[in-house]
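Try each task before reading its solution.

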Amino acid sequence: MDQILSVLQFALDGLSQQQQVVANNLANTDTPGFTAQQVNFESSLQQALDSPDGGQASVTVTDSPNAPGSNGNNVDTGQQLVAADQTTLQYQTMVEMLNAQYRLIQGAAGGSFS
Amino acid sequence: MSLFGAFNISASGIDAAQTWINTTAGNIANVNDVSPVSGDAYQAQTPVYSPTVSLPDGGGSGVAVTGIDLGDSAGIVESDPTSPLANSQGLVRVPDVSMGEQLVDLVQAQNDYQANTAALERAKTAYQSALTLGE
């Protein structure tokens, strides 16, 4: 139970950072020479979950491999807008799951399950 | 990482787009300016963008308009003998502003504005859902 809560919290943090990186990429769609960034936390989390003695997951921010345009900027607006949507939906899912966990704990502790 | 950090980032993007919309509006408004050959023509304005970094973890914190690029003050010398500003040869100076370029810039600035508002909207939805935690 503890592990589920910490996994969900970690995912929320990762998604929150992703939200900011996407916002920053979109704010810089016309900044010459700007390189878009992307956030990855899923693979690190998966690795930590797979390791038998409990690993440490981390959020990594890397440069986007997209080819830069004529002004050296490589932000793909469409890609970023999709990422913004996806991040929000994932975020809401994590919140839903956290709430479900809290309801279980509440129920187990003698409260109501609803 | 600040609380509700994506808001300020998107707001900086909206501000930057607004500045661009304003400069294109100014450029279009002045497209028919006439000045004497001895003076300067209206100089088209273009905002200069740079990314800002201020978060402690070195992450991007949006965009800032660090200056306004001015076009060529030489403009274009045209013949307009009827203009009160014309010299003895009937020449005047007009700005070297391309209407097509300005309109394309305006569309792009508008798209930037909308993209940033969309990101803001998504961030708001996510943060609102976070506020339901424990309910």
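Strand β4 (residues 76-79) of chain B and β5(B) are antiparallel partners joined by four bridges; strands here are DSSP E runs of at least two residues and helices H or I runs of at least four, numbered from the N terminus, and two strands pair if DSSP finds at least two bridges between them. This is a predicted model, in which local features need pLDDT of at least 70 and side-chain atom pairs count only at pLDDT 80 or more, while totals for chains, interfaces and linings use all residues. Residues are numbered from 1 along each chain as its sequence is written, chains are lettered from A and ligands numbered from 1 in the order in which they are written, and side-chain values use heavy atoms, with hydrogens and water left out.

**Exercise 1.** Find the bridge partners in β5(B) of S79(B) and S35(B).

*Solution.* Next, take β1 (residues 35-36) of chain B, which runs antiparallel to β5 (residues 91-94) with two bridges. There, S35(B) has R93(B) as its partner.

**Exercise 2.** Describe how chain B meets chain A, from contacts to the salt bridge.

*Solution.* First, count contacts (heavy atoms within 4.5 Å): 35 residues of chain B touch 28 residues of chain A. Then look for salt bridges (a Lys or Arg side-chain nitrogen within 4 Å of an Asp or Glu carboxyl oxygen); the rule finds one across the interface. D85(A) and R122(B) form it, with their closest N and O atoms 2.2 Å apart. Finally, list the elements giving two or more residues to chain B's side: α1 (5-29), β2 (45-53), β3 (60-70) and α2 (99-130). Of these, α2(B) gives the most, with 13 residues.
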